[in-house]
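Subject: Structure handover

Hello,

Here is the structure you will be taking over. My notes on what was found follow below it.

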Amino acid sequence: MNIYYNPLDIKCKSTIGGIRQNEKFTINVFGNSNEPCTFVLHRDGGEAQHLHMQKIPQGWTITLFLCDPGLYFYCFQIGGRLAGCGKDRNLEFSEQTVNHYQILVYREDFVTPDWFKGGIMYQIFPDRFFKKGEISVEKGKWLHKNWDEKPEYRPNEQGKVLNNDFFGGNIRGIIEKLDYLQSLNVTVLYLNPIFKAFSNHRYDTGDYKQIDTLLGTEEDFAMLVEECRKRGIRIMLDGVFNHTGDDSRYFNKYGTYDELGAFQSRDSKYYAWYTFTQYPTKYESWWGIDCLPAVNENCSSYIDFIAGENGVLHYWLKYDLAGFRLDVADELPDEFIVKIREAVKGKRRDALVLGEVWEDASNKIAYSKRRKYFQGHELDSVMNYPLKNAIIHYIMNNDTTVLRNTIALLRDNYPKCVLDCLMNILGTHDTVRILTTFGGVSAKIKDEMSVLTMNKETRELAKERLKAATVLLFTLPGIPCIYYGDEIGMEGYSDPFCRMPFQWDKIDAEILKHFQKLSSIRSKLSVFKDSEYHELFHDENCIIYERRTKGEVAVIAVNRGYNKFDLRYQGILYDLFSGEVYKNRCTIKPFDWLVLSNKRVF
(Lines give C-alpha, C1' and ligand atoms only; values in the text may rest on other atoms or scores of the structure.)
Protein backbone atom coordinates (compact mmCIF):
# COMPACT_ATOMS: atom_id res chain seq x y z
CA MET A 1 0.00 0.00 0.00
CA ASN A 2 1.15 3.52 -0.83
CA ILE A 3 -0.43 5.58 1.97
CA TYR A 4 0.50 9.07 3.16
CA TYR A 5 -0.36 11.17 6.20
CA ASN A 6 1.60 13.94 7.93
CA PRO A 7 -0.05 16.32 10.42
CA LEU A 8 2.30 19.14 9.36
CA ASP A 9 0.91 19.00 5.84
CA ILE A 10 -2.18 21.19 5.73
CA LYS A 11 -3.63 18.90 3.07
CA CYS A 12 -3.64 16.13 5.69
CA LYS A 13 -4.62 18.10 8.81
CA SER A 14 -6.42 21.35 8.11
CA THR A 15 -5.07 23.05 11.25
CA ILE A 16 -1.41 22.60 12.12
CA GLY A 17 -0.65 22.27 15.84
CA GLY A 18 -3.15 22.55 18.66
CA ILE A 19 -6.87 22.87 17.90
CA ARG A 20 -9.19 25.51 19.31
CA GLN A 21 -12.18 24.18 21.23
CA ASN A 22 -15.20 23.63 18.92
CA GLU A 23 -13.12 24.44 15.83
CA LYS A 24 -13.89 22.17 12.90
CA PHE A 25 -10.88 20.48 11.38
CA THR A 26 -10.40 17.85 8.74
CA ILE A 27 -8.09 14.84 8.68
CA ASN A 28 -7.22 13.38 5.28
CA VAL A 29 -5.25 10.20 4.69
CA PHE A 30 -4.12 9.73 1.11
CA GLY A 31 -3.78 6.28 -0.43
CA ASN A 32 -4.74 3.93 -3.22
CA SER A 33 -6.20 1.19 -1.05
CA ASN A 34 -9.84 0.11 -1.06
CA GLU A 35 -9.65 -1.10 2.54
CA PRO A 36 -11.60 0.78 5.23
CA CYS A 37 -9.78 3.34 7.38
CA THR A 38 -10.70 4.02 11.01
CA PHE A 39 -9.69 7.10 13.01
CA VAL A 40 -8.78 5.86 16.51
CA LEU A 41 -9.02 8.69 19.04
CA HIS A 42 -8.75 8.77 22.81
CA ARG A 43 -8.58 11.54 25.35
CA ASP A 44 -5.67 11.28 27.75
CA GLY A 45 -6.57 8.54 30.22
CA GLY A 46 -9.85 7.71 28.45
CA GLU A 47 -11.26 4.96 26.29
CA ALA A 48 -10.53 4.86 22.56
CA GLN A 49 -13.20 5.83 20.04
CA HIS A 50 -13.15 4.18 16.61
CA LEU A 51 -14.52 6.65 14.07
CA HIS A 52 -15.24 5.66 10.49
CA MET A 53 -13.39 7.72 7.86
CA GLN A 54 -15.27 8.43 4.64
CA LYS A 55 -13.79 6.94 1.47
CA ILE A 56 -12.89 9.50 -1.19
CA PRO A 57 -11.08 8.99 -4.53
CA GLN A 58 -7.75 10.09 -3.05
CA GLY A 59 -8.06 8.13 0.22
CA TRP A 60 -10.13 8.78 3.35
CA THR A 61 -11.42 11.84 5.19
CA ILE A 62 -13.08 12.79 8.46
CA THR A 63 -14.20 16.18 9.81
CA LEU A 64 -14.21 16.67 13.57
CA PHE A 65 -14.68 19.21 16.28
CA LEU A 66 -13.73 18.56 19.89
CA CYS A 67 -15.78 20.43 22.47
CA ASP A 68 -13.74 19.57 25.57
CA PRO A 69 -10.28 21.11 26.06
CA GLY A 70 -7.65 18.52 26.83
CA LEU A 71 -4.94 16.29 25.45
CA TYR A 72 -5.95 13.72 22.83
CA PHE A 73 -4.02 11.00 21.03
CA TYR A 74 -4.83 9.32 17.75
CA CYS A 75 -3.73 6.78 15.17
CA PHE A 76 -5.34 5.01 12.22
CA GLN A 77 -6.45 1.48 11.54
CA ILE A 78 -6.24 0.59 7.86
CA GLY A 79 -7.34 -2.88 7.07
CA GLY A 80 -5.85 -5.11 9.72
CA ARG A 81 -2.92 -2.86 10.57
CA LEU A 82 -2.36 0.15 12.81
CA ALA A 83 -0.71 3.29 11.43
CA GLY A 84 0.88 5.85 13.75
CA CYS A 85 3.59 8.45 14.06
CA GLY A 86 6.90 7.42 12.51
CA LYS A 87 9.99 9.08 11.09
CA ASP A 88 9.47 12.75 10.17
CA ARG A 89 5.90 12.34 11.51
CA ASN A 90 4.93 10.26 8.50
CA LEU A 91 2.89 7.08 8.90
CA GLU A 92 4.47 3.97 10.36
CA PHE A 93 2.61 0.65 10.23
CA SER A 94 2.46 -2.16 12.76
CA GLU A 95 0.31 -5.18 13.48
CA GLN A 96 0.18 -4.44 17.23
CA THR A 97 1.29 -1.07 18.65
CA VAL A 98 2.28 2.31 17.20
CA ASN A 99 3.31 5.71 18.46
CA HIS A 100 0.27 7.94 18.57
CA TYR A 101 -0.07 11.42 17.17
CA GLN A 102 -1.24 14.15 19.51
CA ILE A 103 -3.92 16.83 19.43
CA LEU A 104 -3.96 19.49 22.14
CA VAL A 105 -7.39 21.14 22.34
CA TYR A 106 -7.36 24.54 24.01
CA ARG A 107 -10.17 26.80 25.17
CA GLU A 108 -11.84 28.85 22.47
CA ASP A 109 -11.07 32.12 24.31
CA PHE A 110 -7.33 31.35 24.76
CA VAL A 111 -5.09 33.98 23.18
CA THR A 112 -1.49 35.02 23.78
CA PRO A 113 -0.18 38.61 23.82
CA ASP A 114 0.14 39.81 20.26
CA TRP A 115 2.60 42.60 21.11
CA PHE A 116 5.14 40.04 22.34
CA LYS A 117 5.38 38.16 19.04
CA GLY A 118 8.21 39.08 16.71
CA GLY A 119 10.20 40.72 19.50
CA ILE A 120 13.63 40.18 21.04
CA MET A 121 14.29 39.35 24.70
CA TYR A 122 17.35 40.08 26.77
CA GLN A 123 18.04 38.37 30.09
CA ILE A 124 19.95 40.11 32.88
CA PHE A 125 21.34 38.63 36.09
CA PRO A 126 21.04 41.93 38.00
CA ASP A 127 24.10 41.74 40.28
CA ARG A 128 26.40 41.15 37.30
CA PHE A 129 25.30 43.56 34.53
CA PHE A 130 26.44 47.09 35.42
CA LYS A 131 27.08 49.08 38.61
CA LYS A 132 26.11 52.73 38.94
CA GLY A 133 27.03 54.66 42.08
CA GLU A 134 28.41 53.59 45.43
CA ILE A 135 27.37 50.20 46.80
CA SER A 136 27.46 48.97 50.41
CA VAL A 137 26.44 45.52 51.57
CA GLU A 138 24.64 44.30 54.67
CA LYS A 139 26.11 42.18 57.42
CA GLY A 140 26.81 38.62 56.29
CA LYS A 141 27.50 39.69 52.69
CA TRP A 142 30.65 40.90 50.98
CA LEU A 143 31.45 42.97 47.92
CA HIS A 144 34.12 42.10 45.37
CA LYS A 145 36.78 44.81 45.08
CA ASN A 146 37.13 44.38 41.34
CA TRP A 147 34.39 43.92 38.72
CA ASP A 148 36.43 41.35 36.80
CA GLU A 149 37.04 38.95 39.71
CA LYS A 150 35.66 35.42 39.68
CA PRO A 151 32.47 34.74 41.65
CA GLU A 152 33.01 32.78 44.86
CA TYR A 153 32.33 29.09 44.37
CA ARG A 154 34.08 27.40 47.28
CA PRO A 155 32.08 26.09 50.24
CA ASN A 156 32.62 27.42 53.75
CA GLU A 157 33.80 25.37 56.72
CA GLN A 158 30.32 23.83 57.05
CA GLY A 159 30.43 22.71 53.42
CA LYS A 160 27.89 25.25 52.17
CA VAL A 161 28.20 27.68 49.27
CA LEU A 162 26.53 30.79 50.66
CA ASN A 163 26.24 32.84 47.47
CA ASN A 164 26.84 35.89 49.64
CA ASP A 165 29.42 37.57 47.37
CA PHE A 166 28.25 40.55 45.33
CA PHE A 167 29.58 42.70 42.52
CA GLY A 168 27.10 45.55 42.91
CA GLY A 169 25.17 45.51 39.66
CA ASN A 170 22.01 47.51 40.22
CA ILE A 171 18.91 49.04 38.66
CA ARG A 172 20.55 52.38 37.95
CA GLY A 173 23.29 50.44 36.20
CA ILE A 174 20.69 48.86 33.90
CA ILE A 175 19.20 52.29 33.18
CA GLU A 176 22.70 53.51 32.27
CA LYS A 177 22.95 50.80 29.60
CA LEU A 178 19.49 51.01 28.03
CA ASP A 179 20.85 52.66 24.91
CA TYR A 180 23.12 49.65 24.51
CA LEU A 181 20.13 47.32 24.80
CA GLN A 182 18.30 49.45 22.26
CA SER A 183 21.18 48.85 19.82
CA LEU A 184 20.18 45.17 20.03
CA ASN A 185 16.53 46.06 19.28
CA VAL A 186 15.42 44.57 22.59
CA THR A 187 11.66 44.66 23.21
CA VAL A 188 11.48 42.61 26.44
CA LEU A 189 13.94 42.79 29.33
CA TYR A 190 13.80 39.68 31.53
CA LEU A 191 15.29 40.23 34.97
CA ASN A 192 16.32 37.42 37.29
CA PRO A 193 14.83 38.04 40.76
CA ILE A 194 15.02 41.60 42.05
CA PHE A 195 13.11 41.22 45.32
CA LYS A 196 14.85 41.44 48.67
CA ALA A 197 16.86 38.30 49.45
CA PHE A 198 20.04 37.16 51.15
CA SER A 199 21.87 35.62 48.18
CA ASN A 200 23.30 37.13 45.00
CA HIS A 201 20.93 35.08 42.83
CA ARG A 202 17.91 36.15 44.89
CA TYR A 203 15.93 32.96 44.32
CA ASP A 204 15.68 32.83 48.13
CA THR A 205 13.03 35.56 48.36
CA GLY A 206 13.05 37.53 51.58
CA ASP A 207 10.25 40.00 50.85
CA TYR A 208 8.11 39.81 47.72
CA LYS A 209 7.02 43.44 47.95
CA GLN A 210 10.41 45.07 48.35
CA ILE A 211 13.20 45.70 45.85
CA ASP A 212 16.49 44.37 47.18
CA THR A 213 18.33 47.32 48.71
CA LEU A 214 21.55 46.43 46.88
CA LEU A 215 19.69 46.88 43.60
CA GLY A 216 18.06 50.15 44.57
CA THR A 217 14.62 51.39 45.51
CA GLU A 218 11.15 51.06 44.11
CA GLU A 219 11.58 54.59 42.79
CA ASP A 220 14.60 53.33 40.84
CA PHE A 221 12.48 50.51 39.47
CA ALA A 222 9.74 52.94 38.44
CA MET A 223 12.39 54.97 36.63
CA LEU A 224 13.64 51.83 34.87
CA VAL A 225 10.12 50.98 33.71
CA GLU A 226 9.63 54.49 32.38
CA GLU A 227 12.99 54.68 30.62
CA CYS A 228 12.34 51.28 29.07
CA ARG A 229 8.90 52.43 27.91
CA LYS A 230 10.49 55.34 26.05
CA ARG A 231 12.58 52.82 24.12
CA GLY A 232 9.78 50.37 23.38
CA ILE A 233 10.97 47.87 26.01
CA ARG A 234 8.83 46.12 28.64
CA ILE A 235 10.13 44.28 31.71
CA MET A 236 9.41 40.68 32.65
CA LEU A 237 9.99 39.79 36.30
CA ASP A 238 11.01 36.44 37.74
CA GLY A 239 8.25 35.01 39.93
CA VAL A 240 9.72 32.56 42.45
CA PHE A 241 6.61 31.15 44.10
CA ASN A 242 7.61 27.55 44.83
CA HIS A 243 9.85 28.40 47.78
CA THR A 244 11.10 31.33 49.83
CA GLY A 245 14.36 31.96 51.63
CA ASP A 246 14.85 30.76 55.17
CA ASP A 247 16.05 34.32 55.85
CA SER A 248 12.73 35.82 54.85
CA ARG A 249 9.89 37.78 56.38
CA TYR A 250 7.77 34.63 56.13
CA PHE A 251 10.10 31.99 57.56
CA ASN A 252 12.43 34.29 59.52
CA LYS A 253 14.85 31.61 60.67
CA TYR A 254 17.44 34.11 61.88
CA GLY A 255 15.14 36.78 63.30
CA THR A 256 16.15 39.29 60.65
CA TYR A 257 12.64 40.64 60.15
CA ASP A 258 10.36 42.44 62.60
CA GLU A 259 7.57 39.93 62.07
CA LEU A 260 6.84 36.51 63.53
CA GLY A 261 7.98 33.93 61.00
CA ALA A 262 6.93 30.30 60.60
CA PHE A 263 10.27 29.05 61.96
CA GLN A 264 9.82 31.12 65.12
CA SER A 265 6.31 30.13 66.13
CA ARG A 266 3.36 27.99 65.19
CA ASP A 267 1.30 31.10 65.87
CA SER A 268 2.87 32.87 62.88
CA LYS A 269 0.37 33.83 60.21
CA TYR A 270 2.83 32.22 57.78
CA TYR A 271 3.08 28.88 59.58
CA ALA A 272 0.57 27.13 57.27
CA TRP A 273 2.69 28.10 54.25
CA TYR A 274 5.36 25.54 55.11
CA THR A 275 5.48 21.81 55.86
CA PHE A 276 7.46 20.86 58.95
CA THR A 277 8.38 17.24 59.61
CA GLN A 278 10.02 18.01 62.95
CA TYR A 279 9.30 21.52 64.14
CA PRO A 280 11.12 23.77 63.71
CA THR A 281 14.41 22.30 62.48
CA LYS A 282 13.21 19.89 59.81
CA TYR A 283 10.99 21.01 56.96
CA GLU A 284 10.39 20.41 53.28
CA SER A 285 12.67 22.44 51.06
CA TRP A 286 13.46 22.83 47.39
CA TRP A 287 15.58 19.82 46.36
CA GLY A 288 16.59 19.39 50.00
CA ILE A 289 18.38 22.76 50.18
CA ASP A 290 17.46 23.96 53.66
CA CYS A 291 17.91 27.67 52.92
CA LEU A 292 15.02 27.33 50.43
CA PRO A 293 12.02 26.12 52.45
CA ALA A 294 9.27 24.90 50.11
CA VAL A 295 5.90 26.61 50.16
CA ASN A 296 2.56 24.82 50.22
CA GLU A 297 0.97 26.38 47.12
CA ASN A 298 -2.40 24.87 48.06
CA CYS A 299 -2.55 26.98 51.22
CA SER A 300 -5.37 29.50 50.77
CA SER A 301 -3.59 32.32 52.62
CA TYR A 302 -0.50 31.87 50.45
CA ILE A 303 -2.55 31.79 47.24
CA ASP A 304 -4.28 34.98 48.32
CA PHE A 305 -0.95 36.60 49.24
CA ILE A 306 0.46 35.93 45.76
CA ALA A 307 -2.61 36.07 43.52
CA GLY A 308 -5.27 37.87 45.57
CA GLU A 309 -6.70 41.33 44.99
CA ASN A 310 -3.94 42.96 47.04
CA GLY A 311 -1.37 40.27 46.35
CA VAL A 312 2.18 40.30 45.05
CA LEU A 313 1.22 40.04 41.37
CA HIS A 314 -1.15 42.99 41.50
CA TYR A 315 1.37 44.99 43.53
CA TRP A 316 3.95 44.85 40.73
CA LEU A 317 1.48 44.96 37.86
CA LYS A 318 0.67 48.54 38.80
CA TYR A 319 3.66 49.04 36.53
CA ASP A 320 3.28 48.32 32.80
CA LEU A 321 5.20 45.06 32.92
CA ALA A 322 5.61 42.48 30.17
CA GLY A 323 4.55 39.89 32.73
CA PHE A 324 6.11 37.15 34.83
CA ARG A 325 8.37 34.18 34.22
CA LEU A 326 7.39 31.44 36.68
CA ASP A 327 10.40 29.71 38.18
CA VAL A 328 10.20 25.88 38.28
CA ALA A 329 6.68 25.94 36.85
CA ASP A 330 6.45 22.14 36.86
CA GLU A 331 6.65 22.24 40.67
CA LEU A 332 3.67 24.57 40.91
CA PRO A 333 0.23 22.89 41.06
CA ASP A 334 -1.96 23.44 38.00
CA GLU A 335 -4.58 25.06 40.20
CA PHE A 336 -2.06 27.61 41.49
CA ILE A 337 -0.91 28.47 37.98
CA VAL A 338 -4.57 29.05 37.06
CA LYS A 339 -4.85 31.51 39.96
CA ILE A 340 -1.66 33.26 38.85
CA ARG A 341 -2.98 33.61 35.30
CA GLU A 342 -6.31 34.96 36.53
CA ALA A 343 -4.53 37.55 38.68
CA VAL A 344 -2.13 38.64 35.94
CA LYS A 345 -4.74 38.81 33.18
CA GLY A 346 -7.25 40.46 35.50
CA LYS A 347 -4.84 43.32 36.10
CA ARG A 348 -3.22 43.52 32.64
CA ARG A 349 -4.89 41.53 29.90
CA ASP A 350 -1.87 41.76 27.60
CA ALA A 351 0.71 40.68 30.19
CA LEU A 352 2.57 37.41 29.64
CA VAL A 353 2.65 34.33 31.89
CA LEU A 354 5.67 32.26 30.88
CA GLY A 355 6.85 29.09 32.62
CA GLU A 356 10.20 27.46 33.20
CA VAL A 357 9.67 24.00 31.70
CA TRP A 358 12.63 22.07 30.29
CA GLU A 359 10.72 19.49 28.21
CA ASP A 360 7.82 19.35 25.75
CA ALA A 361 5.32 21.32 27.82
CA SER A 362 2.26 20.17 25.86
CA ASN A 363 2.29 16.68 27.40
CA LYS A 364 4.66 17.06 30.35
CA ILE A 365 4.28 14.68 33.28
CA ALA A 366 5.65 16.02 36.57
CA TYR A 367 5.45 14.14 39.85
CA SER A 368 3.33 11.44 38.16
CA LYS A 369 0.71 13.94 37.01
CA ARG A 370 -0.01 15.18 33.49
CA ARG A 371 0.30 18.97 33.39
CA LYS A 372 -2.13 21.29 31.61
CA TYR A 373 -0.03 24.24 30.57
CA PHE A 374 -1.69 25.31 27.31
CA GLN A 375 -5.37 24.47 27.62
CA GLY A 376 -6.39 28.09 28.15
CA HIS A 377 -6.33 28.62 31.91
CA GLU A 378 -2.59 28.35 32.50
CA LEU A 379 0.58 29.56 30.74
CA ASP A 380 0.99 31.64 27.61
CA SER A 381 4.28 29.96 26.79
CA VAL A 382 7.48 28.43 28.14
CA MET A 383 11.25 28.56 27.89
CA ASN A 384 12.19 26.52 24.81
CA TYR A 385 14.84 24.14 26.13
CA PRO A 386 14.01 21.44 23.54
CA LEU A 387 14.96 23.82 20.71
CA LYS A 388 18.08 24.95 22.57
CA ASN A 389 19.29 21.37 22.86
CA ALA A 390 18.40 20.63 19.23
CA ILE A 391 20.29 23.63 17.85
CA ILE A 392 23.37 22.75 19.90
CA HIS A 393 23.19 19.13 18.75
CA TYR A 394 22.97 20.20 15.10
CA ILE A 395 25.83 22.66 15.29
CA MET A 396 28.12 20.31 17.22
CA ASN A 397 27.35 17.19 15.18
CA ASN A 398 26.52 18.73 11.78
CA ASP A 399 23.41 16.53 11.61
CA THR A 400 19.98 18.04 10.98
CA THR A 401 17.97 15.07 12.31
CA VAL A 402 17.36 16.15 15.91
CA LEU A 403 16.75 19.78 14.94
CA ARG A 404 14.20 18.87 12.28
CA ASN A 405 12.43 16.41 14.58
CA THR A 406 12.26 18.99 17.37
CA ILE A 407 10.86 21.71 15.13
CA ALA A 408 8.27 19.24 13.83
CA LEU A 409 7.32 18.12 17.34
CA LEU A 410 6.82 21.69 18.58
CA ARG A 411 4.79 22.68 15.53
CA ASP A 412 2.60 19.59 15.81
CA ASN A 413 2.08 19.62 19.58
CA TYR A 414 1.80 23.30 20.51
CA PRO A 415 -1.02 25.74 19.72
CA LYS A 416 0.19 28.20 17.09
CA CYS A 417 -0.33 31.14 19.44
CA VAL A 418 1.98 29.44 21.96
CA LEU A 419 4.57 28.55 19.32
CA ASP A 420 4.88 32.23 18.37
CA CYS A 421 5.57 33.17 22.00
CA LEU A 422 8.17 30.54 22.88
CA MET A 423 11.21 31.93 24.70
CA ASN A 424 13.97 30.59 22.45
CA ILE A 425 17.32 30.33 24.20
CA LEU A 426 20.89 29.18 23.71
CA GLY A 427 22.01 29.97 27.24
CA THR A 428 20.60 31.04 30.59
CA HIS A 429 21.79 31.56 34.17
CA ASP A 430 21.31 27.79 34.64
CA THR A 431 23.46 26.58 31.73
CA VAL A 432 27.03 26.70 30.50
CA ARG A 433 27.74 29.79 28.41
CA ILE A 434 26.92 29.02 24.79
CA LEU A 435 30.35 30.05 23.47
CA THR A 436 31.99 27.71 25.97
CA THR A 437 29.61 24.93 24.91
CA PHE A 438 30.58 25.44 21.28
CA GLY A 439 34.27 25.38 22.23
CA GLY A 440 33.76 21.73 23.15
CA VAL A 441 36.32 21.72 25.97
CA SER A 442 34.88 20.06 29.08
CA ALA A 443 35.69 20.86 32.69
CA LYS A 444 34.44 18.68 35.53
CA ILE A 445 35.46 20.38 38.77
CA LYS A 446 34.89 23.95 39.91
CA ASP A 447 38.58 24.71 40.40
CA GLU A 448 39.16 23.83 36.75
CA MET A 449 36.11 25.78 35.59
CA SER A 450 37.31 28.90 37.37
CA VAL A 451 40.50 29.18 35.30
CA LEU A 452 39.91 27.33 32.03
CA THR A 453 39.42 29.49 28.92
CA MET A 454 39.61 28.73 25.23
CA ASN A 455 42.77 29.17 23.20
CA LYS A 456 42.62 31.31 20.06
CA GLU A 457 42.00 28.42 17.66
CA THR A 458 39.22 26.89 19.77
CA ARG A 459 37.58 30.26 20.29
CA GLU A 460 37.49 30.94 16.55
CA LEU A 461 35.79 27.58 16.01
CA ALA A 462 33.30 28.38 18.78
CA LYS A 463 32.55 31.78 17.24
CA GLU A 464 31.86 30.22 13.85
CA ARG A 465 29.45 27.77 15.48
CA LEU A 466 27.80 30.54 17.49
CA LYS A 467 27.08 32.58 14.37
CA ALA A 468 25.34 29.67 12.67
CA ALA A 469 23.37 28.83 15.82
CA THR A 470 22.13 32.38 16.32
CA VAL A 471 20.90 32.54 12.73
CA LEU A 472 18.57 29.68 13.69
CA LEU A 473 17.71 31.24 17.05
CA PHE A 474 16.61 34.53 15.50
CA THR A 475 14.61 33.10 12.59
CA LEU A 476 12.76 30.02 13.88
CA PRO A 477 9.25 30.39 15.40
CA GLY A 478 9.30 32.04 18.82
CA ILE A 479 11.16 34.91 20.47
CA PRO A 480 14.98 34.85 20.66
CA CYS A 481 16.36 35.60 24.11
CA ILE A 482 19.93 36.87 24.50
CA TYR A 483 21.53 35.92 27.79
CA TYR A 484 23.55 38.92 28.90
CA GLY A 485 27.14 38.71 27.70
CA ASP A 486 26.58 36.01 25.09
CA GLU A 487 26.43 38.77 22.49
CA ILE A 488 29.95 39.95 23.37
CA GLY A 489 31.55 36.51 23.48
CA MET A 490 31.70 35.84 27.21
CA GLU A 491 32.88 32.40 28.27
CA GLY A 492 31.91 30.47 31.37
CA TYR A 493 31.12 27.01 32.63
CA SER A 494 28.20 26.17 34.93
CA ASP A 495 26.98 28.23 37.89
CA PRO A 496 28.52 30.52 39.07
CA PHE A 497 30.84 30.92 36.08
CA CYS A 498 27.96 31.44 33.67
CA ARG A 499 27.05 34.38 35.92
CA MET A 500 30.26 36.38 35.62
CA PRO A 501 30.07 40.19 35.55
CA PHE A 502 29.49 41.64 32.08
CA GLN A 503 32.88 42.30 30.50
CA TRP A 504 32.37 45.85 29.27
CA ASP A 505 36.08 46.29 28.60
CA LYS A 506 36.47 42.98 26.72
CA ILE A 507 33.73 43.14 24.11
CA ASP A 508 34.27 40.89 21.10
CA ALA A 509 33.24 43.39 18.44
CA GLU A 510 32.85 40.70 15.77
CA ILE A 511 30.28 38.75 17.77
CA LEU A 512 28.45 41.86 18.92
CA LYS A 513 28.17 43.10 15.33
CA HIS A 514 26.68 39.73 14.34
CA PHE A 515 24.04 39.91 17.09
CA GLN A 516 23.21 43.50 16.22
CA LYS A 517 22.79 42.60 12.57
CA LEU A 518 20.49 39.68 13.37
CA SER A 519 18.43 41.79 15.75
CA SER A 520 18.15 44.54 13.15
CA ILE A 521 17.01 42.05 10.48
CA ARG A 522 14.40 40.64 12.82
CA SER A 523 13.12 44.06 13.82
CA LYS A 524 12.70 45.14 10.18
CA LEU A 525 10.87 42.05 8.92
CA SER A 526 7.32 41.37 10.11
CA VAL A 527 7.57 37.85 8.72
CA PHE A 528 9.14 36.65 11.96
CA LYS A 529 6.14 37.62 14.06
CA ASP A 530 3.68 34.80 13.48
CA SER A 531 4.12 33.42 9.96
CA GLU A 532 4.20 29.70 9.26
CA TYR A 533 7.44 27.76 9.02
CA HIS A 534 8.04 25.87 5.77
CA GLU A 535 10.99 23.56 5.25
CA LEU A 536 12.24 23.84 1.67
CA PHE A 537 15.13 21.37 1.72
CA HIS A 538 17.23 19.25 4.00
CA ASP A 539 19.88 16.61 3.90
CA GLU A 540 22.08 15.26 6.67
CA ASN A 541 24.04 18.51 7.03
CA CYS A 542 21.97 21.31 5.49
CA ILE A 543 18.57 22.80 6.25
CA ILE A 544 16.75 25.48 4.26
CA TYR A 545 13.42 26.95 5.35
CA GLU A 546 11.26 29.98 4.76
CA ARG A 547 8.97 32.26 6.72
CA ARG A 548 6.35 33.86 4.48
CA THR A 549 3.47 36.32 4.58
CA LYS A 550 1.48 37.73 1.66
CA GLY A 551 4.01 40.40 0.79
CA GLU A 552 7.15 39.26 2.54
CA VAL A 553 9.41 36.23 2.53
CA ALA A 554 12.58 35.28 4.37
CA VAL A 555 14.64 32.26 3.30
CA ILE A 556 17.17 30.90 5.78
CA ALA A 557 19.85 28.37 4.89
CA VAL A 558 22.35 26.80 7.28
CA ASN A 559 24.87 24.34 5.84
CA ARG A 560 27.09 22.33 8.18
CA GLY A 561 28.54 20.04 5.51
CA TYR A 562 31.09 20.02 2.69
CA ASN A 563 28.61 20.07 -0.19
CA LYS A 564 27.39 23.23 -1.84
CA PHE A 565 23.83 23.76 -2.99
CA ASP A 566 22.17 25.89 -5.64
CA LEU A 567 18.91 27.47 -4.52
CA ARG A 568 16.71 28.26 -7.51
CA TYR A 569 13.59 30.45 -7.47
CA GLN A 570 11.88 33.15 -9.51
CA GLY A 571 12.64 36.77 -8.75
CA ILE A 572 15.14 38.71 -6.64
CA LEU A 573 16.31 37.92 -3.12
CA TYR A 574 18.61 40.14 -1.07
CA ASP A 575 21.33 38.75 1.19
CA LEU A 576 20.65 40.68 4.38
CA PHE A 577 24.19 40.19 5.70
CA SER A 578 26.39 40.77 2.67
CA GLY A 579 24.08 43.04 0.70
CA GLU A 580 24.41 40.83 -2.39
CA VAL A 581 21.50 40.73 -4.82
CA TYR A 582 20.59 37.30 -6.22
CA LYS A 583 18.27 36.84 -9.19
CA ASN A 584 16.64 33.42 -9.67
CA ARG A 585 19.54 31.57 -8.07
CA CYS A 586 22.09 31.65 -5.27
CA THR A 587 24.70 29.23 -3.94
CA ILE A 588 24.95 27.96 -0.37
CA LYS A 589 28.58 27.23 0.32
CA PRO A 590 30.00 24.59 2.68
CA PHE A 591 29.79 25.56 6.37
CA ASP A 592 27.97 28.77 5.51
CA TRP A 593 24.61 30.33 6.21
CA LEU A 594 22.37 32.83 4.45
CA VAL A 595 19.45 35.04 5.44
CA LEU A 596 17.64 36.12 2.28
CA SER A 597 14.56 38.26 1.79
CA ASN A 598 12.49 39.79 -0.98
CA LYS A 599 12.66 43.05 1.01
CA ARG A 600 15.78 45.16 0.90
CA VAL A 601 15.77 46.46 4.46
CA PHE A 602 19.26 48.01 4.56
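Please keep in mind that this is a predicted model. I start with a sheet: 4 strands make up an open sheet, in the order 1-3-7-6, and their pairing is antiparallel. Strand 1 (3-4) and strand 6 (54-56) are at its edges; each has a single partner strand, so one side of each has no neighbour in the sheet. The partner of strand 1 is strand 3 (residues 25-31), to which 2 bridges join it in an antiparallel run. Ile 3 has Gly 31 as its bridge partner in strand 3.

Apart from neighbours within four places in sequence, Tyr 257 is in contact with Lys 196, Gly 206, Asp 207, Asp 247, Ser 248, Arg 249 and Asn 252. One of these, Asp 247, is 10 residues away along the chain, with 8.4 Å between the two C-alpha atoms.

The last item is Asp 575, which belongs to strand 31 (residues 565-575). Asp 575 is buried but has no salt bridge. Lys 517, the nearest side chain of opposite charge, is 8.2 Å away. The side chain of Asp 575 does make a polar contact of 3.1 Å with that of Ser 578. Beyond four places in sequence, the contacts of Asp 575 are Glu 580, Tyr 582, Leu 594, Val 595 and Leu 596.

Regards

Terms used. Residues numbered from 1 in each chain as written. Predicted model: local features only at pLDDT ≥ 70, side-chain atom pairs only at ≥ 80, totals over all residues. Heavy atoms only, no water. Pairing = 2+ DSSP bridges. Contact = heavy atoms within 4.5 Å. Buried < 20%, exposed > 50% of the residue type's maximum accessible area, 1.4 Å probe, protein only. Lys, Arg positive; Asp, Glu negative; His and termini not counted. Salt bridge = Lys/Arg side-chain N within 4 Å of Asp/Glu carboxyl O. Polar contact = N/O pair within 3.5 Å; in protein donor to acceptor, adjacent residues only side chain to side chain.
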